[in-house]
Amino acid sequence: MTVPVWLWLATVAGLLILIAIDLVIVDHKPHEVTTGEAAKWVVFYVSCAVLFGAGVWIFAGHDPGIQFFTGYITEYSLSVDNLFIFMVIMASFKVPAIHQHRVLLIGILLALAMRSVFIAVGAALIAQFVWVFFLFGAVLLWTAASMLRGNEDKDEYHENAVTRWVRKIYPVSDSYDGHRMFVKREGRRLMTPMFLVIIAIGSADLLFAVDSIPAIFGITQEAFLVFTANAFALMGLRQLFFLLGGLVNKLVYLSYGLAVILAFIGAKLVLHALHEYHLAPDWLDINNWISLGVIVVVLTITTVASLAKSRRNAAREAASAQAGDR
């Protein structure tokens, strides 16, 4: 798949226009985003991704189209698992509800810019060295094993090295001042918590890229598709944050489903590398349709099972409460 420079520029310009529309319509007047408003924006961004994927399918062929949709679904599902971390960060920094949209917008744009560097480096390495597939596969398999062991502590936020470094080199004010990032008080220029929480969101998402970028390279090695799938997934993530809210806590099996997906893609990367070295039979080659089917089936099963368990738990708690009242 050959992507001309003008198409790269047009795509980036289109994404910037979408962001500008978001800024003008949603963020020009800070307010608490309602569930209905968030739902409309989620539908809008998903529709944009579907239209873009349809364009890839029509003009580049069905293989690139399937790769885009598979990568987009994978990135979006991995992002859902990260929403809980964003909620914990927001609560830890006590971000006012009316400013949460701006925090997510700027933080995720910062993350997308940094991810772009990762994507460029990853694409360059893959083009030159086949052994990189082994490395990416090992990262995904290790991440999957960690998720299955439940080693990820999501109940409490601990500032990462980037946030601690920023806090160390620049004094931080005690309170928010609207959506201002810097203020001057008593002759001193101070950083507000608004700026610090944006750094926390952006750097946290950059850490998530350690598994999401290798995962999508396991689906497609086209840098254009990797970038656009990441961009659409991240741009729709903000509104999903407000739409899902407490529902994220009910997706109790999502981490297990994502672990299975990461392990599957990790194995696919290792098999691809073995094929490149002529060490694996052709029948072990996993095509794009199989990848898409596995990802959709696993996500469907884990979501349905999670919601069913949540309903059972709610019914059990209600029964216990009624028994207590008696």
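Is glutamate 75 buried or exposed, and why does it count as that?

Reply: This is a predicted model, in which local features need pLDDT of at least 70, side-chain atom pairs count only at pLDDT 80 or more, and totals for chains, interfaces and linings use all residues. Residues are numbered from 1 along each chain as its sequence is written, and side-chain values use heavy atoms, with hydrogens and water left out.

Glutamate 75 counts as buried because its relative accessibility is 2%. (Buried is under 20% relative accessible area and exposed is over 50%, with partly exposed in between, for a 1.4 Å probe and protein chains only.) Glutamate 75 has a salt-bridge partner, arginine 115, and their closest N and O atoms are 3.4 Å apart. (A salt bridge needs a side-chain nitrogen of Lys or Arg within 4 Å of a carboxyl oxygen of Asp or Glu.) The pair joins distant parts of the chain: glutamate 75 belongs to helix H3 (residues 62-92) and arginine 115 to helix H4, 40 residues apart. (Helices, H or I with at least four residues, and strands, E with at least two, are DSSP runs numbered from the N terminus.) Arginine 115 is also classed as buried, because its relative accessibility is 2%.

Glutamine 100 lies in helix H4. The residue counts as buried because its relative accessibility is 16%. Leaving out residues up to four places away in sequence, glutamine 100 touches Met90, Val95, Phe241 and Phe242. (Here contact means heavy atoms within 4.5 Å.)

Helix H4 also takes part in a cavity lining. Leu105, Ile108, Leu109, Leu112, Met235 and Arg238 line the largest cavity. Two elements, helix H4 (100-128) and helix H8 (223-244), each give two or more residues to that lining. H4 gives the most, with four residues. (A cavity is a set of points on a 1 Å grid over the protein atoms alone where a 1.4 Å probe fits but cannot get out, and lining residues have an atom within 4 Å of a point.)

Aspartate 177 and arginine 180 meet in one of them, at 3.5 Å from N to O. Aspartate 177 also forms a salt bridge with arginine 185, where the closest N and O atoms are 4.0 Å apart. Aspartate 177 counts as partly exposed because its relative accessibility is 27%. Arginine 180 is partly exposed too, with a relative accessible area of 44%. For arginine 185, which is partly exposed, the value is 31%. Glutamate 75, by contrast, is buried.

Strand E1 covers residues 182-185 and strand E2 covers residues 188-191; the two run antiparallel, joined by four bridges. (Strands pair if DSSP finds at least two bridges between them.) Phenylalanine 182 has methionine 191 in E2 as its bridge partner, and lysine 184 stands opposite arginine 189 in E2. The hairpin has two residues between its strands, and glutamate 186 takes a positive phi near 55 degrees there.

Note on methods: On a 1 Å grid over the protein atoms alone, a cavity is a set of points where a 1.4 Å probe fits but cannot get out, and a pocket is an open set with protein on both sides within 12 Å along at least five of seven lines; lining residues have an atom within 4 Å of a point.
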